[in-house]
Amino acid sequence: MIIAFASKNHLGLNSDVGSSIVSSEYFTVAEIENRKLKKVKNVENPFFKEEKINTQKFIDFIKNINAQKVVISALDNADIENELLLNDIEVIKNVNGRIADILKEL
């Protein structure tokens, strides 16, 4: 399973979950296999600070990193959330704190 966490910075698992897609400079991508962390990488968010996000481009970005779940504090764009769900990508929102701590709970 691959989980993409919106991240406030480039510190990977030590980063806090970003408050929104626009304000998250990175995504921390965690690959889980057999309930164990296999790999972590940081991916620059191409939508960082964009005023208006192209929904399809964002969906393609998430699909390209093979994420099955997206974790974020707030997803303030219903179109993006609906498209993620239509593409079988689970959206976990209203999450705050350090990514490493949240990952243990998932």
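**Reading the model, feature by feature**

Analyst: Start with a group of rings: Phe 27, Phe 47, Phe 58 and Phe 61 make up one aromatic cluster. Keep in mind that the model is predicted.

User: How many aromatic pairs does a search of the whole structure find?

Analyst: The search finds five aromatic pairs. One of them joins Phe 47 and Phe 58, with 5.5 Å centre to centre and 70° between the planes, an edge-to-face arrangement. This pair links distant parts of the chain: Phe 47 is in the loop between strand 3 (36–44) and helix 1 (55–64), while Phe 58 is in helix 1, 11 residues apart.

User: What describes a pair of aromatic rings in general?

Analyst: Two values do: the distance of the centres and the angle of the planes. An angle over 60 degrees counts as edge-to-face.

User: Are Phe 47 and Phe 58 buried or exposed?

Analyst: Both Phe 47 and Phe 58 are buried. Phe 47 also forms an edge-to-face pair with Phe 61, at 5.9 Å centre to centre and again 70° between the planes. Here too distant parts of the chain are linked, from Phe 47 in the loop between strand 3 and helix 1 to Phe 61 in helix 1, 14 residues apart.

User: Why does Phe 47 count as buried?

Analyst: The cut-off for buried is under 20% relative accessible area. Phe 47 counts as buried because its relative accessibility is 6%. Phe 61 has a relative accessible area of 12%, so Phe 61 is buried.

User: How many bridges pair strand 1 with strand 2?

Analyst: Six bridges pair strand 1 (residues 2–7) with strand 2 (residues 26–33), in the antiparallel sense. Phe 5 has Thr 28 in strand 2 as its bridge partner, and Ile 2 stands opposite Glu 31 in strand 2. Strand 2 and strand 3 also run antiparallel, joined by eight bridges. In that pairing, Ile 32 stands opposite Leu 37 in strand 3.

User: What lies between strand 2 and strand 3?

Analyst: The two strands form a hairpin with two residues between them, and Asn 34 in the turn has a positive phi of about 55°. Arg 35, found in the loop between strand 2 and strand 3, has a positive phi of about 65° although it is not a glycine. With a relative accessible area of 84%, Arg 35 is exposed.

User: Which residues of helix 2 (residues 78–86) are buried?

Analyst: For a helix, ask which residues are buried and where they sit around the axis. In helix 2, Ile 80, Glu 81 and Leu 84 are buried. These residues are on the same side of helix 2 because they cover an arc of only 100° around the axis. On the other side, Asp 79 and Leu 86 are exposed. The cover over the buried residues of helix 2 includes helix 1, strand 4 and strand 5.

User: What should I look for at the start of helix 2?

Analyst: There, a side-chain oxygen of Asn 77 reaches to within 3.0 Å of the backbone nitrogen of Asp 79. Just after helix 2, Asp 88 has a positive phi of about 60°, although Asp 88 is not a glycine. Asp 88 lies in the loop between helix 2 and strand 5 and is exposed, with a relative accessible area of 69%.

Conventions
Residues numbered from 1 in each chain as written. Predicted model: local features only at pLDDT ≥ 70, side-chain atom pairs only at ≥ 80, totals over all residues. Heavy atoms only, no water. Phe/Tyr/Trp six-rings, centres within 6.5 Å; stacked < 30°, edge-to-face > 60°. Helix = DSSP H or I, 4+ residues; strand = E, 2+ residues; numbered from the N terminus. Buried < 20%, exposed > 50% of the residue type's maximum accessible area, 1.4 Å probe, protein only. Pairing = 2+ DSSP bridges. Arc of directions from axis to C-beta. Contact = heavy atoms within 4.5 Å. Polar contact = N/O pair within 3.5 Å; in protein donor to acceptor, adjacent residues only side chain to side chain.
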